[in-house]
Amino acid sequence: MKRGNRIWSWIVMIIGILYFFLPLLATFIFSLKAKLGVLSFQAYANVFHDPAFVYNFSYSVLWAISTIVVGILLFVPTAYLIRLRVPKLRSAVEFITLLPFVIPAIVFVFGLVRTFSHPPLLIVNSPALLIAGYTVLSMPYMYRSIDTGLRSIDVRTLTEAAQSLGAGWGSILFDIILPNIRVAILSGAFLSFAIVIGEYILAQYLAKPAFAPYMAYQIQQKAYEPAAMAIISFALTWAAMGIIALVGRGNGQAQVGGGH
Amino acid sequence: MTHLTLSNICKQFAGTTAVEDFNLEVEKGEFVSFLGPSGCGKTTTLRMIAGFEVPTTGKVTIDDADITYQAPNQRNVGMVFQAYALFPNMTVAQNIGYGLRIRKESKTAIKERVTEMLALIHLEKKGNSYPHQLSGGQQQRVALARALAIRPQVLLLDEPLSALDAKIRVSLRAEIRAIQKKLGITAIYVTHDQEEALSISDRIVVMYEGRIEQVGTPFEIYNFPQTAFVASFVGTLNTAPAEVVDPAKHLLKIDGVQLESAEMLEDKHAGDKVTIAIRPERFNFIAQERKANILDCQIENITFLGSVVRIQLLIGSNHFYMDTFNNPFLELPKIGDKAQITCSREAVLVLKA
């Protein structure tokens with residue numbers, strides 16, 4: 001590479017980094033200014049000592065874990081069976097999984113409220129509706145992660161090998177498929193976790209306790225604590241990404257075939 | 001005693017016939033190979049025995065029990081795949097013991113059987129290794145042990161050596177055959193490699209376009225191919241159109257040159273068109289006076305193939321090959337030379353239409 005090109009690459013990269021990190025750095029510094037004249041973690045202490053934070057954040061964690069469990073139970077067998085039995089449907093299903101990117105969350109939530117707020121489907125107050133909604137919102141991440149994981153193994157041959165040894169569908173899924181795509185499932189799970197923790201519209205309009213509506217409320221009331229919460233939220237997301245990278249690195253998600 | 005029977009098996013996929021009227025009886029302990037080019041239906045037939053495909057019509061029985069519509073996991077059939085298909089998340093020992101674990105055998109029984117199988121495939125020290133830590137040959141041996149651990153009634157092998165290099169292929173096929181003989185298990189082996197099929201099998205089923213072309217021992221398939229396809233697919237064979245001259249005297253004619261065959265031609269009449277076949281190694285240059293089967297030819301090309309020298313000849317309008325063993329004192333003609341060659345009457349085969 002020519003010297004001039006290399007300098008330009010560095011300049012572009014530095015601009016990108018600054019664009020991303022400067023607002024974050026500014027938010028972080030601002031969050032440290034809760035005490036007049038000194039930098040301190042007072043805002044963070046206030047956040048963690050607020051029972052409402054613990055209450056709302058705990059609920060968000062509960063919604064996130066429920067969403068992940070439902071997502072795994074729903075998308076692993078779906079992606080598996082589509083790969084195994086109806087590969088022709090893959091492009092159609094991929095399109096469906098992208099719909100949450102296309103349909104605004106506000107449209108989606110009003111659809112949910114209108115559909116499920118009168119008999120026979122009066123479940124608008126049930127947490128199940130919120131979890132179902134989160135499952136749909138996290139679908140692009142969860143489904144595609146699982147599908148990518150399935151692509152890395154020879155699903156058909158492994159299934160047939162297990163069948164020839166006497167395994168039924170349950171054993172195949174739990175003994176063979178799930179363990180071999182666990183990194184992909186973890187990736188999808190952590191992404192779903194990050195989505196649910198930061199999601200505002202569904203929880204707000206379905207009137208359920210959650211971290212994002214609490215944070216929005218705090219923004220209207222306080223100055224430094226919301227900044228601290230934004231940093232906490234970022235830290236959680238990065239921790240999730242770090243865990244994905246750690247689990248993924250050196251994992252023997254071996255492939256069928258190969259060798260010599 | 002017939003162990004595995006396939007009766008009138010047909011398989012169609014969306015209007016395309018993959019297997020047509022397939023009939024075969026396999027004895028207990030027999031090693032049968034399905035040999036044919038890609039798309040001839042050999043793997044589809046194997047998959048119907050395994051239960052991964054259901055025949056459109058026909059019946060599959062093992063020990064007289066009809067298993068045609070039985071699910072694959074309900075059959076006691078072991079299968080070895082081309083891609084090894086070892087479970088990447090399990091160690092070698094766990095892979096081998098998986099079928100027994102599914103059958104809810106005791107831990108002690110599983111451990112004993114796994115040890116036995118590891119000894120059988122000479123990988124005693126690899127029980128705790130993961131598949132990705134093994135070579136391709138080792139992985140396929142583990143796949144074989146895994147399929148055998150469940151004591152299957154029939155062992156199915158779907159091109160198990162195709163992904164391996166030539167040297168390992170040769171040694172592993174001998175190992176597979178030795179293990180199969182030692183255990184006395186009935187085995188069906190799918191391959192497109194004629195040398196593999198000839199070297200390993202008790203019987204070979206040659207398939208083409210979904211049909212059985214010929215069933216026979218390797219000796220029969222090589223030396224007495226019954227159809228033009230078998231003749232062309234198994235080994236190198238010279239074929240040429242010929243005309244029956246005198247059926248009673250087994251006389252034929254190619255390009256005006258008379259040939260005598262040992263084949264029975266009772267169902268033929270003088271003037272009938274047939275196809276004859278002669279293996280390249282059955283030709284010799286004429287060293288002494290002969291009265292029959294003398295063919296005038298011209299040397300077109302000479303190719304060294306290591307232990308064999310292949311000579312391309314022009315006989316009339318037909319291009320034939322002749323193989324002769326290589327040795328340092330071999331006197332070969334030159335390209336363009338005229339020569340006379342001969343072959344025995346037994347070497348002249350008449351193929352079925």
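Strands are here DSSP runs of E of at least two residues, numbered from the N terminus, and two strands pair if DSSP finds at least two bridges between them. The coordinates come from a predicted model, and everything that follows should be read with that in mind.

In the hairpin that β17(B) and β18(B) make, two residues lie between the strands, and B:G316 takes a positive phi near 60 degrees. The strands themselves, residues 308–315 and residues 318–325 of chain B, pair in the antiparallel sense over eight bridges. Within this pairing, B:R310 of chain B has B:D323 in β18(B) as its bridge partner.

Chain B also holds an open sheet of six strands, in the order β6-β7-β8-β3-β9-β10, whose pairing is mixed. Because β6 (77–80) and β10 (211–216) of chain B stand at the edges, each with a single partner strand, one side of each is left without a neighbour in the sheet. From one strand to the next, the twist averages 20 degrees. Inside the sheet, strand β3 (residues 31–35) of chain B runs parallel to strand β8 (residues 186–191) of chain B and is joined to it by five bridges, and B:V32 stands opposite B:I188 in β8(B). In general, the strands of a sheet pair through backbone hydrogen bonds, in either the parallel or the antiparallel sense.

| Strand pair | Sense | Bridges |
|---|---|---|
| β3(B), residues 31–35, and β8(B), residues 186–191 | parallel | five bridges |
| β17(B), residues 308–315, and β18(B), residues 318–325 | antiparallel | eight bridges |

Chain A is built from twelve helices and has zero strands. Its C-alpha trace spans about 70 × 70 × 30 Å along the principal axes, and 34% of the 260 residues of chain A count as buried. Among contacts in chain A between residues at least 6 apart in sequence, 79% join residues at least 24 apart.

Where the chains meet, 23 residues of chain A are in contact with 28 residues of chain B. On the side of chain A that touches chain B, α7 (155–164) and α8 (169–180) of chain A each supply at least two residues, and the largest share, six residues, comes from α7(A). By residue class, this side of chain A divides into eight nonpolar, 13 polar and two charged residues.

Notes
Residues numbered from 1 in each chain as written. Chains lettered and ligands numbered in written order. Predicted model: local features only at pLDDT ≥ 70, side-chain atom pairs only at ≥ 80, totals over all residues. Helix = DSSP H or I, 4+ residues; strand = E, 2+ residues; numbered from the N terminus. Axes fitted to C-alpha atoms, helices over the stretch in contact; angles between N-to-C directions. Contact = placed C-beta atoms within 7 Å. Nonpolar A, V, L, I, M, F, W, Y, C, P; charged D, E, K, R; others polar. Buried ≥ 20, exposed ≤ 12 C-beta atoms within 10 Å, placed from the backbone.
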